Amino acid sequence: SSGGTMNTARLYQWGHGPTSGISASMISGGSSASAPRETKTEQYNGTSWTEVADLGTASSTEGQVSSGNQTSAMAAAGTQGPSRGGADNAQLWNGSSWSDSSELNTEASGRGGSGSGTGAFIFGGSTNSATGGIADSELFDGTAWSEVNNLNQARYSQSGCGSPTSSLCISGYGNPPGAYVTNVESWNGTSWTEIADVNSAQGIGGAAGASGSNAVKFGGSGGPTGFSAITELWNGSSWTEIGNLTSSYTGNVGAGSAASAINTGGKTNPSTFSAGTEEFEGSLTLQTITVS
């Protein structure tokens with residue numbers, strides 16, 4: 001269903017939102033028609049978007065990094081210069097303002113991510129020397145970033161959701177550079193495991209989920225036109241296509257859970273930046289059916 005309209009239409013932004021719902025979501029940075037790198041941050045109350053304190057450094061990210069909420073969030077990696085080269089910069093939100101945090105170990109763009117501000121998790125991406133993607137993963141403990149076990153498949157511009165102890169890395173692009181990846185990997189806090197593939201290949205799209213057990217992914221640069229409206233639900237064992245978004249997007253971002261998610265931003269065609277919001281409400285109720 002339709003939600004509130006952002007004050008600045010953009011794509012490639014960070015998504016921050018509670019995994020219990022959508023009424024305290026936030027987005028930061030991105031790329032708009034007037035600025036290739038944005039500083040603007042906006043918060044959502046379930047009805048409308050309000051601009052709050054800007055990022056310290058203008059940034060955009062060509063991957064789904066959904067880390068944090070309106071009280072604790074992280075905007076890490078991404079792209080900050082005139083080219084699409086990656087960054088190792090990380091910015092931490094404390095509920096009222098952004099500040100520079102510890103730098104990542106690897107400069108990369110198009111990374112996926114999950115978690116909160118003081119407990120963030122970043123994975124994958126691309127570098128100037130690895131245009132087909134990297135497998136690196138890094139974990140933030142509130143003070144510093146540490147390299148942890150790599151993804152099984154290198155990729156970039158993937159979707160991420162979950163927490164530092166239970167995350168999903170969904171789709172993206174791999175080798176050769178620009179080739180779609182349908183592979184999905186699950187993180188258990190220690191290592192990555194390949195799980196069931198999505199039905200439709202997608203990169204630079206939105207996702208939402210509290211853990212690696214339940215998630216929803218939507219939109220992205222899949223489909224014959226380069227823009228997708230396809231939505232798929234993960235129940236812990238398989239992906240199922242469900243109701244589509246009302247428009248097709250690329251560069252959109254999501255936040256929330258598999259039962260209550262938000263999709264915002266992106267492009268709806270090669271020249272139109274979106275400020276629209278779509279809200280997803282599902283049911284994760286487990287039912288017992290007795291057959292006699």
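User: Where is Trp-98 found?

Analyst: Trp-98 is found in strand E7, residues 98–100. Helices (H or I, at least four residues) and strands (E, at least two) are DSSP runs, numbered from the N terminus. This is a predicted model, where local features need pLDDT of at least 70 and side-chain atom pairs count only at pLDDT 80 or more, while totals for chains, interfaces and linings use all residues. Residues are numbered from 1 along each chain as its sequence is written, and side-chain values use heavy atoms, with hydrogens and water left out.

User: Is Trp-98 buried or exposed?

Analyst: Buried means under 20% relative accessible area, exposed over 50%, and partly exposed in between (1.4 Å probe, protein chains only). Trp-98 has a relative accessible area of 10%, so Trp-98 is buried.

User: Which side chain does the side chain of Trp-98 make a polar contact with?

Analyst: A polar contact is a pair of N or O atoms within 3.5 Å; within protein, one must be able to donate a hydrogen and the other to accept it, and residues adjacent in sequence count only if both atoms are side-chain atoms. Here the partner is the side chain of Thr-41, at 3.0 Å.

User: Which residues touch the most other members of the largest nonpolar core?

Analyst: A nonpolar core is a set of buried Ala, Val, Leu, Ile, Met, Phe, Trp, Tyr and Cys residues joined through side-chain atoms within 4.5 Å. The largest one has 17 residues, and those touching the most other members are Met-74, Ala-76, Ala-90, Trp-98, Leu-104, Ile-122 and Trp-145. Two or more residues come from each of strands E5 (73–76), E6 (90–93) and E9 (120–123). E5 gives the most, with 4 residues.

User: How many salt bridges does the structure hold?

Analyst: A salt bridge is a side-chain nitrogen of Lys or Arg within 4 Å of a carboxyl oxygen of Asp or Glu. The structure holds 4 of them. One of them joins the side chains of Arg-10 and Glu-42 (2.8 Å, N to O). Arg-10 lies in the segment before strand E1 (14–16) and Glu-42 in strand E3 (residues 41–44), so this pair ties together parts that are 32 residues apart in sequence. Both Arg-10 and Glu-42 are buried.

User: What about Arg-111 and Glu-138: how far apart are the closest N and O atoms?

Analyst: They are 3.8 Å apart in this salt bridge. Arg-111 lies in the loop between E7 and strand E8 (112–115) and Glu-138 in strand E10, so the pair ties together parts that are 27 residues apart in sequence. Arg-111 counts as buried at 1% relative accessibility, and Glu-138 is buried with a relative accessible area of 0%.

User: Which way do the residues of strand E22 point?

Analyst: In a regular strand the side chains alternate between the two faces of the sheet. In E22 (residues 253–256), Val-253 and Ala-255 point one way and Gly-254 and Gly-256 the other way, and all are buried.

User: What joins E22 to E23?

Analyst: A hairpin does, through 3 residues. Two strands pair if DSSP finds at least two bridges between them. E22 and E23 (residues 260–264) pair in the antiparallel sense over 4 bridges, and Val-253 has Thr-264 as its bridge partner in E23.
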